[in-house]
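Please read these points with the model open beside you.

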Amino acid sequence: MNRRRFLGTAAMAFATARLMRSSAKAASTPMHQSFQSVKQIDAGVLNVGYVDLGSSTGTPVFLLHGWPYDIHSFIDVAPRLASAGYRVIVPHLRGYGTTRFLSNDTIRNGQPSALGVDVIDLMDALKIDNAIHAGFDWGARTADIVATLWPERCKALVSVSGYLIGSQAAGKTPLPPNAELQWWYQYYFATERGRAGYERYRKDFAKLIWKIASPKWNFDDATFDRSAASFDNPDHVAIVIHNYRWRLGLAEGERKYDDFETRLAQFPAIGVPTITLEGDANGAPHPEPASYAKKFSGKYEHRLIEGGVGHNLPQEAPQAFAQAVIDVNHF
């Protein structure tokens, strides 16, 4: 009997281990086709398009997308969190989807701190004092900035690829050739030919980035087209080009953000509870976890998500991303 019990336990453990290894890939199968409604609200210099799911009394979570993606990166994350009792806010960043500038005279500024201010303005408009902030790519950088500059507004943080705060000075430092090669599109965008090329071929460009950044993600045309519609925003190209040119010091920011950028250029530690994530097949430029672990001075954990998971981690492994949000809330 003891032998049978041992063998049965071993078989169960083996099956569980197989299930855990395959969970990320299985979770990449889409469960939801689209968000049922996108709300609009004036916040700062923007009229923001956003999804608002879950209980109005639940712990707020802001899910922040990157480039070239949109709110549908969280199409299977948001319902999971809403079902777990959270209030989930998923905004289109400036230059994406239904988000619009309130004035034609406002500078189409893509510098990092401006996106951080957008989140604070949205929180104020929604009368949310404190929230969990979670994101990837531009969204992870924005969440890092909120946690750094306004820690009282950030209950906890989930950041794909970790500590992504940068500065113009750091952007001018040459990298080894192989690392520079990964940033080819940044240098393309630095030229007028690159701006015109992105204007003309933005959807083809985005699909290429998706394939490079997530080489093992077999997304279909419908999945891509659903997000690509957000790039038809009239300010999309201007925001993207300004963002990458600003990083290289080829475009100026706005004076009102100078103090924020000065503080960020000191690369301060982030003190809020944090979980960082990385996919095991991320084809986009990203730092090694060991290089940023000490940048998180509060309770901290890093997780490698296996199963061929690339750069768009929330959409490729929604269960793992949602679980990180739930877990960091209990740190």
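1. Buried means under 20% relative accessible area, exposed means over 50%, and partly exposed lies in between (1.4 Å probe, protein chains only). The model is predicted: local features need pLDDT of at least 70, side-chain atom pairs count only at pLDDT 80 or more, and totals for chains, interfaces and linings use all residues. Residues are numbered from 1 along each chain as its sequence is written, and side-chain values use heavy atoms, with hydrogens and water left out.

2. The whole structure holds 32 aromatic pairs (rings of Phe, Tyr and Trp, the last by its six-membered ring, with centres within 6.5 Å; planes under 30 degrees apart are stacked, over 60 edge-to-face, the rest tilted). Trp184 and Tyr185 make an edge-to-face pair, 5.7 Å centre to centre with 90 degrees between the planes. Trp184 is partly exposed at 32%, whereas Tyr185 is buried at 9%.

3. Tyr188 and Phe205 are stacked, with 5.9 Å between centres and 15 degrees between planes. This pair links distant parts of the chain, 17 residues apart: Tyr188 is in helix α7 and Phe205 in helix α8 (helices are DSSP runs of H or I, at least four residues, numbered from the N terminus). Tyr188 is partly exposed at 26% relative accessible area; Phe205 is buried at 9%.

4. One aromatic cluster includes Tyr188, Phe205, Trp67 and Trp138. Trp67 and Trp138 are also among the residues with the most contacts inside the largest nonpolar core, which has 92 residues (buried Ala, Val, Leu, Ile, Met, Phe, Trp, Tyr and Cys joined through side-chain atoms within 4.5 Å). Helix α3 (residues 112–125) gives this core its largest share, 7 residues.

Key. Helix = DSSP H or I, 4+ residues; strand = E, 2+ residues; numbered from the N terminus.
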